[in-house]
Amino acid sequence: MWWGCSQPLDLQTEVTQTEDRVSSVLEVLIVGSGDARHIVKTLASSYTHPDQIITYHVIEPTLEQVARSILLLSVCLEKDLGLQETTRYYLEILGNTLLRPATAKYLAKCAKQLIDIPTRTVDCPWLSLEKFKHKDRDNLESIFKFWTRATCEGVPIVNYWDRRVRKLLKTRYDYREGIFDWDYYMILKPRCTTSLTIQEYRFWRNNGVAFTWLEGEAVRSNPTLLNNIIQCGPGFLHYAYLGDIVNGPFFTWAAVEKDGDKLRATDIAERETMRAIHEIRAKEPLCEDYVGAHRDASILNGIIVSEMPDIEMENESWTSTEEKSKRDKRISWVEVPNHKIIFHPATSLESLKSKCEYVNRFHLIWVAHNMTKQLANLAPLASTGAPVIVELRKNMAEFRNEALKNFTKELKEIAQKCGLRSLYDFDSNKHIFARFCKD
């Protein structure tokens with residue numbers, strides 16, 4: 001849930017590869033991506049394409065995922081942060097149960113300012129929530145308020161994580177290290193191309209911390225990974241952690257690998273995220289020498305963090321920063337005038353096909369692996385000849401080869417019924433995406 005299991009795509013490239021003419025206006029529908037990585041990648045690569053007005057229509061199953069996507073996009077687009085600082089804030093919020101104190105302080109400040117977006121107190125030029133009802137906007141506001149409060153007060157998210165692991169493994173919990181090793185060596189490593197090390201994977205499986213650096217210790221809880229947040233009087237209710245505890249966020253920004261690299265998944269993710277953020281700001285490629293220039297070359301290649309901080313530091317309550325936050329200046333975003341992101345409620349999955357303005361509207365549709373049963377509702381929305389990209393399950397350790405084979409067969413049957421033609425013969429054991437075309 002919180003992140004995808006595939007690398008980010010430049011959506012403009014996906015359209016121009018399959019269409020003879022390039023329209024000046026591009027309408028894209030993204031369903032269930034779990035994070036904003038495709039939008040970030042497309043924004044970063046836009047300077048390499050002819051100018052286009054791109055509207056991203058995004059549907060996520062939960063409001064918490066919508067709120068996280070808004071937060072991650074805000075981090076990438078904020079002007080007043082350093083490049084390395086932005087990169088690490090983004091990756092920690094994306095994939096770590098615990099944050100460094102600097103990241104936690106930024107999260108508390110940023111979430112407090114994002115509260116004003118659902119209420120339209122602050123105009124966000126790249127974002128539209130007009131498709132949401134007032135109740136949904138109020139709930140989004142509550143989520144941002146909860147993040148601000150929970151970051152300061154602390155929540156026992158590592159305990160929540162451990163409960164999930166115990167529930168999954170049951171009597172095998174005492175032998176979890178061997179199970180984690182099996183999933184890595186017997187499933188992920190043979191199947192996936194990645195720089196992910198066994199130490200990183202095992203550390204994440206144990207406590208939910210994916211990206212680590214020596215220049216700071218992660219000791220504060222990340223409340224953006226909590227589910228079902230509801231305001232109840234002066235306080236909040238939430239349903240602990242319900243996200244992924246098997247695969248990790250490594251197959252998003254860390255899936256890219258260069259020949260000769262001897263880097264951790266964290267280093268690859270930092271490099272690729274830093275490149276994307278730099279390109280959004282500067283509209284030019286990132287100098288390769290800049291990546292890792294802030295670190296001693298002798299420790300660049302793979303220092304592994306494998307010890308958890310004192311649990312008391314995680315649960316320590318901070319003094320409220322409310323009064324200070326009121327004096328903080330508003331977030332200043334990078335201008336992206338040709339790009340607009342419109343979030344739709346989850347109920348739109350069934351309702352859009354009955355609205356004339358959305359039928360045959362989209363030039364590209366991207367669908368997550370767990371939303372394939374919605375293809376019958378989504379296919380009518382694609383314009384003739386438009387590509388439909390479906391995420392596959394190759395990078396998911398909980399699915400064995402037989403399960404992937406069945407998923408491939410089922411997806412082909414669903415696509416055929418929906419009038420989608422496969423552009424190539426795909427296999428979930430070998431491919432990360434399946435690409436279709438609407439005839």
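E272 and R275 sit together in helix 11, three residues apart, which is about one turn of the helix. Helices here are DSSP runs of H or I with at least four residues, strands are E runs of at least two, and both are numbered from the N terminus. The two side chains form a salt bridge, with the closest N and O atoms 2.8 Å apart. (A salt bridge is a side-chain nitrogen of Lys or Arg within 4 Å of a carboxyl oxygen of Asp or Glu.) E272 is buried, and so is R275. Buried means under 20% relative accessible area, exposed means over 50%, and partly exposed is in between, using a 1.4 Å probe and protein chains only.

Before going on, a word on where this comes from: the model is predicted, so local features need pLDDT of at least 70 and side-chain atom pairs count only at pLDDT 80 or more, while totals for chains, interfaces and linings use all residues. Residues are numbered from 1 along each chain as its sequence is written, and side-chain values use heavy atoms, leaving out hydrogens and water.

**Helix 11 as a whole**

Helix 11 covers residues 265–282, and its end C-alpha atoms are 25 Å apart. Why does that agree with 18 residues? At 1.5 Å a residue, the helix should span 26 Å; the expected span is 1.5 Å times one less than the number of residues. Helix 11 is also mostly covered, with 16 of its 18 residues buried.

A search of the whole structure turns up 19 salt bridges.

| Pair | Closest N and O atoms |
|---|---|
| E272 and R275 | 2.8 Å |
| R202 and D181 | 2.9 Å |
| E410 and K373 | 2.8 Å |

R202 bonds with D181 in this way. R202 lies in helix 9 (residues 198–207) and D181 in helix 8 (residues 176–191), so the pair ties together parts that are 21 residues apart in sequence. R202 is partly exposed at 25% relative accessibility, and D181 is partly exposed too, at 22%.

Then there's E410, which pairs with K373. E410 is in helix 16 (residues 401–417) and K373 is in the loop between strand 9 and helix 15 (375–378), so this pair links parts 37 residues apart in sequence. Is K373 buried or exposed? At 62% relative accessibility, K373 counts as exposed, whereas E410, at 32%, is partly exposed. Elsewhere, D35, R37 and E391 are linked in a network of salt bridges.

**A loop residue**

V359 is in the loop between helix 14 (348–351) and strand 9 (364–367), and at 31% relative accessibility V359 is partly exposed. The C-alpha atoms of V359 and L381 are 4.4 Å apart, although 22 residues separate them along the chain. Leaving aside neighbours within four places in sequence, V359 is in contact with K353, P380 and L381, where contact means heavy atoms within 4.5 Å.
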